[in-house]
Amino acid sequence: MEPDPGVDTEGADGNGAAASDALPDLKSSLGREDWSTWPVYEAAALGLPGSWWYPVMWSEEVGSRPVGVKLLGRNVAFVRENGKVYAMADRCPHRGVPLSLGNQQFPGTLSCAYHGWTYDLETGVMVAAITDGPDSPICGKVRVETYPVAERLGLVWIFIGDGKGSAPPVETAIPRELLENDFSMGGRIDVRGGGWRFAAENGFDEGHAKYLHRTSLWRMFKVMPTWTKTRVIPTDDGWITRVQDEVHMDATFPGLGTWTNKRWWKLGGNIIHTKPGKAAKKVDPVIAAMDVPGNQHIRLPGLLRIVHTRFIHYEWYVPADEDLYRYIQVFVEFRTGTSGLLFKLRYLGAIRWLFHGQFTGQDGWMVNVMDAPPERLYRPDVSITRWRALCESAPPNGLAIPDEADAEPEAKPERKPRSRARSR
Ligand code: FES
Ligand SMILES: [Fe+2]
């Protein structure tokens with residue numbers, strides 16, 4: 001494995017400098033003091049350069065009454081008219097009042113609550129200043145920014161950022177398997193603290209799940225490994241994937257003793273070392289057909305995918321401001337009809353609380369209290385450094401699949417947006 005910047009790979013046994021006859025130097029123990037190895041990432045507290053499609057909220061949350069949402073450090077107002085959702089900057093240029101406090105006085109417009117300046121929903125141009133009459137000289141001379149909006153997976157999506165140019169189709173932001181198959185889904189959206197970058201790093205982090213989550217109710221009956229040796233490889237559709245070359249269920253630490261997560265009430269097997277390939281038992285046929293080389297994937301601009309044998313868990317990290325992010329979890333099973341309905345009940349009755357609540361709540365707890373840099377990375381953190389490297393190469397055009405244009409047509413089946421997803 002080629003060495004990663006900032007990851008301590010010294011000592012095949014992983015004990016590195018902790019020799020018993022000399023204490024490690026405290027100063028070097030602090031490790032790297034900044035993220036200058038990844039300047040793009042370091043500067044991306046409010047999101048990666050360029051513009052990207054991000055999911056924002058459930059479709060049913062947007063009606064004729066405007067909704068204000070913080071995204072990438074900006075305030076955005078969403079409103080629905082005749083079934084179509086529009087988004088515009090949530091600030092009236094007159095005196096800075098949020099447009100989301102206003103309402104519709106004329107079709108195709110949104111009027112500010114204060115003095116009635118009225119903006120065209122499509123273009124953002126101020127088409128009337130109600131309290132200055134029809135001949136108001138400022139009319140048509142003021143404009144607020146508007147953003148492309150789409151609805152997919154029962155979610156409202158926005159194309160936003162500092163990029164120029166038109167938006168690619170929203171399908172480029174949606175995992176292929178969700179475009180090509182029917183499925184049922186459940187999901188949960190929270191606003192959490194700690195910043196989108198820590199959240200993404202936590203999502204793709206190799207080291208923590210087997211330790212932090214060993215106490216979670218979701219994993220109560222599943223034994224998890226003690227430690228692993230991991231590679232990160234690029235895979236198709238812009239994903240990078242964690243592949244475990246070694247999985248150790250227990251380990252003896254010299255002078256300390258044995259450590260294991262095995263308990264008599266826990267059953268063997270879990271996704272960390274079970275490849276959901278064609279050979280796996282009871283694997284969902286859609287998931288088997290994906291034939292992924294590892295279970296944990298991440299791609300730009302911040303979408304995690306954990307592939308289990310019967311379901312897939314997705315999470316998006318959408319920057320709100322420098323500290324807050326929208327944490328969007330989606331749980332998918334490739335079943336429909338009565339079977340899909342039963343899944344839905346299982347989701348609402350258990351999965352939503354156990355997995356999307358308590359389990360990922362442990363992640364939220366860590367993300368919120370983490371404080372780095374400085375940071376001293378260890379071998380499993382190759383997952384984090386590879387994610388940062390992926391962000392360094394983020395294309396400015398908002399395409400999560402940067403090589404899509406070069407792909408051989410026969411290697412990538414035509415995308416058919418025929419999913420019948422259900423939200424929440
Ligand atoms: S602040 Fe919006 S119309 Fe005056
Ligand atoms: Fe986690």
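I looked up Y119 and found M126 in β8 as its bridge partner. The model is predicted; local features need pLDDT of at least 70, side-chain atom pairs count only at pLDDT 80 or more, and totals for chains, interfaces and linings use all residues. Residues are numbered from 1 along each chain as its sequence is written, and chains are lettered from A and ligands numbered from 1 in the order in which they are written.

I then traced β7 (residues 117-120), which pairs with β8 in the antiparallel sense over three bridges. Strands (E, at least two residues) and helices (H or I, at least four) are DSSP runs numbered from the N terminus, and pairing requires at least two DSSP bridges between two strands. The open sheet has three strands in the order β6-β7-β8, paired antiparallel. I noted β6 (109-111) and β8 (126-129) at the edges, each with a single partner strand, so one side of each is left without a neighbour in the sheet.

Next I examined β15 (residues 250-253) and β16 (residues 257-260), antiparallel strands joined by four bridges. F253 stands opposite G257 in β16. The two strands form a hairpin with three residues between them, and G255 in the turn has a positive phi of about 80°.

Last, I checked helices α4 (residues 196-204) and α7 (residues 337-369), whose axes come within 9 Å and cross at roughly 130°. Axes are lines fitted to C-alpha atoms over the stretch in contact, with angles from 0 to 180 degrees between N-to-C directions. In contact (C-beta atoms, placed from the backbone, within 7 Å), I recorded F198, A199 and N202 in α4 meeting D363, M366 and V367 in α7.

How values were computed. Two residues are in contact if their C-beta atoms, placed from the backbone, lie within 7 Å.
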